[in-house]
Amino acid sequence: MSDLVGVDRFTPAERFVHRSVAVLMGVCLVTAAILYNGSIMLAIGHRHLVELVHVWCGLALPVPMLAGALSAAYRTDVRRLNRFTPSDWRWLRSRQRRDGTIAVGKFNAGQKLNAHLVAGSTLVLLGTGAVMYWTGLVRLSWRSGATFVHDWFALGLGLLVIGHIVYALKDPEARRGMREGRVSTRWARAEHGAWVDEIDDAGSGGFEARR
Amino acid sequence: MGERPRGELDGAPVGRRIVLGLLGLGAVGVVAGRSVQEGLSHLLAPVQLRDPTGLTSLVPLGNTWRYYSVTGAVAPRATSAYRLKVFGDVATPAMYSYADLAALPQASFTDTFQCVTGWHVPDVPWSGVRLADLLDLAGPTADAVGVRFRSFDGTYAVNMTLEQARADDVIVALSMYGEPVTHDHGGPVRIYSGSMYGYKSTKWLDEIEVTTNNLPGYWEDRGYPLDGIIGE
């Protein structure tokens, strides 16, 4: 197999979901900063408009995630992200996790962890946000609790997203995988060896020469 | 060397457990968060009041103020240039300077600022002129039923019924925490109403109009209840 050919990593449907979620998440985080921070709020103002953008982008956030389920490739990747094998736990504990000794499938354990922390936090933010926005839904002390939870989960999610972007910035080939759908075989072997072996075993179209 | 996992799809569904765990944590937080926040607030208040870096304001530790503005940046108004107009269905309309207001009897008390969305700041020392006193001086006509507050931000307005406006804990506030009300908090002069949600406490107060109706104000047009009394 030639390194020029590369491996298919993400289908157009998956890349579309990623891009939509990225845009919505970005808008949510920027508007969140405006709504939360007093200095920014008082400089920009227009609270109701900022609030509307924040709320509707937040409500829209799960839509592409759910729409992705129409794609078989997306469903398979969601299943892969869900499942932790014993080597995933070893990978998380190991200091040499990047040296290729521990077999890594299509996603490493850190990516799996991140995906589910992001998904769970998004759901919590959605629920608490709804309670804060439609003030008639629950009693006042729960609205206070919802604000407390929303603040801390937003901070956590913001840090996860920043971490995600930092890792992406450090790895151009990983970015290419999400931008163009394909990665070099060399990169795939180094970062996701067990995934390449799996494709080899299946003899599937992953390595098929295109032209 | 490299070992093969037994197929990536055979592992334990840890991802799902993480999501369910976070949802559980969120639910506990909604129910117990107010008490937790109260505890944190007591522990942290001394630190936050003396924090010269301002870093603690970036983190949602304890009960912190949120500053709202519904227009663009609001131009600060100096106390020397400040005027409060009281007019409408009254016998004696009046125009008060900041010094006029400061010369009137001041009511001082400590009370919570409670936002309808849930955030609140307990134990805030407030001081100012009782709105009831200003209304007595103005003398509402027999058909007056409401009071409308307008902000010098040019956009914000909100109503109270005349009866609500006469409550002891509704003041034209000149000071908070023993200091003049800052611009960010709606100074030099704002309304504070202890029994009502924050959206009834107009910032950057410009005028008070006694009215024969009770029309919805800025946030009430956008879904908040006209009767802003703090509920259970």
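Which residues of helix α5 (residues 72–82) of chain A are buried? They are A:Tyr74, A:Asp77, A:Arg80, A:Leu81 and A:Asn82. Buried means under 20% relative accessible area, exposed means over 50%, and partly exposed lies in between (1.4 Å probe, protein chains only). This is a predicted model: local features need pLDDT of at least 70, side-chain atom pairs count only at pLDDT 80 or more, and totals for chains, interfaces and linings use all residues. Residues are numbered from 1 along each chain as its sequence is written, chains are lettered from A and ligands numbered from 1 in the order in which they are written, and side-chain values use heavy atoms, with hydrogens and water left out.

**View 1**
Helices (H or I, at least four residues) and strands (E, at least two) are DSSP runs, numbered from the N terminus. At the start of α5(A), a side-chain oxygen of A:Ser71 comes within 3.3 Å of the backbone nitrogen of A:Ala73. Further on, A:Asp77 forms a salt bridge with A:Lys106, at 3.0 Å from N to O. A salt bridge here is a side-chain nitrogen of Lys or Arg within 4 Å of a carboxyl oxygen of Asp or Glu. Side chains of opposite charge can pair when their charged atoms come close. A:Asp77 and A:Lys106 are both buried.

A:Arg80 has a salt-bridge partner in A:Glu198, with the closest N and O atoms 2.7 Å apart. A:Arg80 sits in helix α5 and A:Glu198 in helix α11 (residues 193–202) of chain A, so the pair ties together parts 118 residues apart in sequence. How accessible is A:Arg80? Its relative accessibility is 8%, so A:Arg80 counts as buried. A:Glu198 is partly exposed, at 30%. A:Asp77, A:Arg80, A:Lys106 and A:Glu198 are linked in a network of salt bridges.

**View 2. The interface of chain B and chain A.**
Chain B brings 60 residues to the contact and chain A brings 59. Contact means heavy atoms within 4.5 Å. The size of an interface is often given as the accessible area lost when the parts come together. Here the buried area is about 4,900 Å², and carbon and sulfur atoms give 63% of it. Buried area is the accessible area (1.4 Å probe) that two parts lose on being put together, summed over both.

One salt bridge is found across this interface. It joins the side chains of B:Arg66 and A:Asp151, at 2.8 Å from N to O. Helix α1 (residues 14–49) of chain B gives the most to the side of chain B that touches chain A, with 17 residues. That side divides into 32 nonpolar, 18 polar and ten charged residues. Ala, Val, Leu, Ile, Met, Phe, Trp, Tyr, Cys and Pro count as nonpolar, Asp, Glu, Lys and Arg as charged, and the others, Gly among them, as polar.

**View 3. Aromatic pairs.**
The whole structure holds 16 aromatic pairs over all chains. Rings of Phe, Tyr and Trp (its six-membered ring) pair if their centres lie within 6.5 Å; planes under 30 degrees apart count as stacked, over 60 as edge-to-face and the rest as tilted. The rings of A:Tyr133 and A:Trp134 have centres 5.0 Å apart and planes at 85 degrees, so this pair is edge-to-face. A:Tyr133 is partly exposed at 21%, and A:Trp134 is partly exposed at 37%.

B:Tyr156 and B:Tyr218 make a tilted pair, 5.7 Å centre to centre, with 40 degrees between the planes. These two residues are 62 residues apart. B:Tyr156 is buried at 9%, and B:Tyr218 is buried at 10%. In chain B, ring pairs also link a cluster that includes B:Trp65, B:Tyr68 and B:Phe109.

**View 4. B:Thr79 and its contacts.**
B:Thr79 lies in the loop between α1 and β1 (83–88) of chain B. B:Thr79 is partly exposed, at 39% relative accessible area. Leaving aside neighbours within four places in sequence, B:Thr79 touches B:Tyr98 and B:Pro188.

Technical notes
Polar contact = N/O pair within 3.5 Å; in protein donor to acceptor, adjacent residues only side chain to side chain.
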